[in-house]
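Dear colleague,

Please find below the sequence and structure that I am handing over to you. A short account of what was found follows.

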Amino acid sequence: MSVVVVTGAGGMGLAVARRLGSGCTVLLADAFPASLERAINTMTAEGYDVRGHLTDVSDAAAVAGLAKAAADIGPIGAVVHTAGVSAATATIGQIMAVDLAGTAHVIDAFGEVATHGTSLVCVASMAGHYATLSPVQERALALTPSAELLGLPVVAAAGTPVGAYIVAKRANQVRVQAAALDWNRRGARINTISPGMIATAMSRAEADSGHDMMATLDACGIGRTGTPAEIAEAAAFLTGPASRYITGTDLLIDGGQAAWLRWHR
Ligand SMILES: NC(=O)c1ccc[n+]([C@@H]2O[C@H](COP(=O)([O-])OP(=O)(O)OC[C@H]3O[C@@H](n4cnc5c(N)ncnc54)[C@H](O)[C@@H]3O)[C@@H](O)[C@H]2O)c1
């Protein structure tokens, strides 16, 4: 039976696990035992075959252990990496360790066990689309070995959590592009999804920190936040048969905010 791996048992992770998990074995990973247990109990009660794997994605060895555990269960159909921290609640160091290095670890570890048909989706952010990095900085973020990423000058230069988040999320997008060659050679695919404001615990924390998220959403005409189910639907498309020619790219799901910012503000 095909295996679906989902990192992050939060708002998006649970929605993705539910959308992809029917008839598969779901391996759900999170760094926090209580979050993991709550999600496992919920999905088990709903009839899913779901297992938990306590994993801190900032730890390369732990992510390698997760990938091995998944491959030991069976052929890996889909991996959706949603584990992450936000600029509203995390420090610069945490953002770089989890959102930047953690995603690099997931790409590396699952690249080792990906087989024909495996599709990895990493959740980046619309914030990555707002990065103004030089070609040299982007190249370094795309191609530097994971163990050396945190030592890059562009990483050290991030002066605020928001700045760190933008760099980390842009890095997710360009690392996925750069990794597509290796994944193609395995018959496997790799993409990012870049969400705008999606109604989860993370965006609620951002709203609580004083960020008026509705102003931009109203101005761009959509007038609402996105739902975790809308991200899950995109993940289903990118891990399913209808997207077999789509790899090494990014799907921006932001209700039109980036388009509004570029052309109408
Ligand atoms: N919600 C939004 O508006 C929004 C917008 C853009 C991008 N994103 C991105 O989407 C992803 C999912 O966010 P969400 O909204 O579901 O948030 P969430 O807070 O609901 O879930 C995130 C999960 O990641 C887990 N986690 C945190 N650090 C971890 C670590 N080191 N190792 C393993 N697990 C860890 C948390 O315990 C939590 O369960 C994140 O990467 C986030 O940056 C979210």
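**Helix H1 and helix H10**

The axes of H1 and helix H10 (residues 228–239) come within 8 Å of each other, and they cross at roughly 50°. This angle makes H1 oblique to H10. The crossing of the two helices is right-handed. From H1, the residues that make the contact are Gly-11, Met-12, Ala-15, Val-16, Arg-19 and Leu-20. H10 contributes Pro-228, Ala-229, Ile-231, Ala-232, Glu-233, Ala-235, Ala-236 and Thr-239. Sorted by class, the contact of H1 with H10 has 10 nonpolar, two polar and two charged residues. Please keep in mind, here and below, that this is a predicted model.

**Helix H5 and helix H7**

A second pair of helices may be described in the same terms. Helix H5 (residues 135–143) packs against helix H7 (residues 161–185) at an angle of about 65°, and their axes are 7 Å apart. H5 is therefore roughly perpendicular to H7. H5 passes H7 in a right-handed crossing. On the H5 side, the contact is made by Glu-138, Leu-141, Ala-142 and Leu-143. On the H7 side, Arg-170, Ala-171, Val-174, Arg-175, Gln-177 and Ala-178 take part. By class, the contact of H5 with H7 comprises six nonpolar residues, one polar residue and three charged residues.

**The surroundings of the ligand**

How many residues surround the ligand? There are 31, and the closest are Gly-10, Met-12, Ala-83, Gly-84 and Thr-200. The elements that give two or more residues to this shell are helix H1 (11–21), helix H4 (92–113) and helix H8 (201–208). The shell around the ligand divides into 14 nonpolar, 15 polar and two charged residues.

Ala-101 lies in helix H4. Is Ala-101 buried or exposed? It counts as buried because it has 23 C-beta neighbours inside 10 Å, and 20 or more are required for that description. Leaving aside its neighbours within four places in sequence, Ala-101 is in contact with Ser-58, Met-96, Ser-146, Leu-149 and Leu-150. Ala-101 and Asp-59 are 42 residues apart along the chain, and their C-alpha atoms are separated by 8.6 Å.

With kind regards

Conventions. Residues are numbered from 1 along each chain as its sequence is written. This is a predicted model: local features need pLDDT of at least 70, side-chain atom pairs count only at pLDDT 80 or more; totals for chains, interfaces and linings use all residues. A residue is near a molecule or strand if its C-beta atom, placed from the backbone, lies within 6 Å of it. Helices (H or I, at least four residues) and strands (E, at least two) are DSSP runs, numbered from the N terminus. Ala, Val, Leu, Ile, Met, Phe, Trp, Tyr, Cys and Pro count as nonpolar, Asp, Glu, Lys and Arg as charged, and the others, Gly among them, as polar. Axes are lines fitted to C-alpha atoms, for helices over the stretch in contact, and angles run from 0 to 180 degrees between N-to-C directions. Angles under 35 degrees count as roughly parallel, over 145 as roughly antiparallel, 65 to 115 as roughly perpendicular and the rest as oblique. A crossing is left-handed if the near helix is turned anticlockwise from the far one by less than a right angle, and right-handed if clockwise. Two residues are in contact if their C-beta atoms, placed from the backbone, lie within 7 Å. A residue is buried if 20 or more other C-beta atoms lie within 10 Å of its own, exposed if 12 or fewer, and partly exposed in between; C-beta atoms are placed from the backbone.
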